Amino acid sequence: MLLAGIGAVIGGMLVAAQGPIYAKLSEELNRDPLAAVFVAFLTATVATGLLVFGLGNWRSISASNLTSLPPWVWLGGLLGACHVVISMQAIPLTGVAAFLVLVIAGNLIGAAVYDHVGAFGLTARPFSSTRLMGLVLVVVGVLVTVRA
């Protein structure tokens, strides 16, 4: 559990670095966010492709596996690309901290809805007054951070 928590913190720090990196990439590519997303995702595709093939994990990818997936799983990459474009445009205006606080608020609100309805194959976890209180505190934190 401790290692997972440390990994989550490190992952969060990496996510915080992505926005400014993407914003600079977009700026250097004539402020073209689509070209920047393409370059960023191409880099990720090449890096993960080398790992998949280098480690032999390519055997997990088969036509039958891919065609049996629920159609909505293909949205993951598209949603990631949308988030990257949004971060490129917003971070120069909001700063990294305010942007990420807003993202976290959106993450938690979306998570509460997805849990409540059991979206994406999740087990439904009904919304509660305790979760509502947590979300209210997050929104207060967002307002404090954005106004700072």
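Student: Is Asp115 buried or exposed?

Tutor: Asp115 counts as buried, at 17% relative accessibility. Buried means under 20% relative accessible area, exposed means over 50%, and partly exposed is in between, with a 1.4 Å probe and protein chains only. This is a predicted model: local features need pLDDT of at least 70, side-chain atom pairs count only at pLDDT 80 or more, and totals for chains, interfaces and linings use all residues. Residues are numbered from 1 along each chain as its sequence is written, and side-chain values use heavy atoms, with hydrogens and water left out.

Student: Where is Asp115 placed?

Tutor: Asp115 is in helix 5. Helices are DSSP runs of H or I with at least four residues, strands are runs of E with at least two, and both are numbered from the N terminus.

Student: What is Asp115 in contact with, leaving aside its neighbours within four places in sequence?

Tutor: With those neighbours set aside, Asp115 touches Leu122, Thr123, Ala124, Arg125 and Arg131. Contact means heavy atoms within 4.5 Å.

Student: Which residue forms a salt bridge with Asp115?

Tutor: Arg131 does, and the closest N and O atoms are 3.1 Å apart. Arg131 lies in helix 6 (residues 129-147) and Asp115 in helix 5 (residues 96-117), so the pair ties together parts that are 16 residues apart in sequence. A salt bridge here is a side-chain nitrogen of Lys or Arg within 4 Å of a carboxyl oxygen of Asp or Glu.

Student: And how exposed is Arg131?

Tutor: Arg131 is partly exposed, at 29% relative accessibility.

Student: New topic. How many salt bridges does the rule give?

Tutor: The count comes to 3.

Student: Which residues are linked in a network of salt bridges?

Tutor: Lys24, Glu27 and Glu28 make up that network. The side chains of Lys24 and Glu27 meet at 3.5 Å, N to O, and those of Lys24 and Glu28 at 2.9 Å, N to O.

Student: How many residues apart are they in the helix?

Tutor: Lys24 and Glu27 both lie in helix 1 (residues 2-28), 3 residues apart, about one turn of the helix. Lys24 and Glu28 are 4 residues apart in helix 1, and that is also about one helical turn.

Student: What about accessibility there, starting with Lys24?

Tutor: Lys24 has a relative accessible area of 44%, so it is partly exposed. Glu27 is partly exposed at 37%, whereas Glu28 counts as exposed at 53%.
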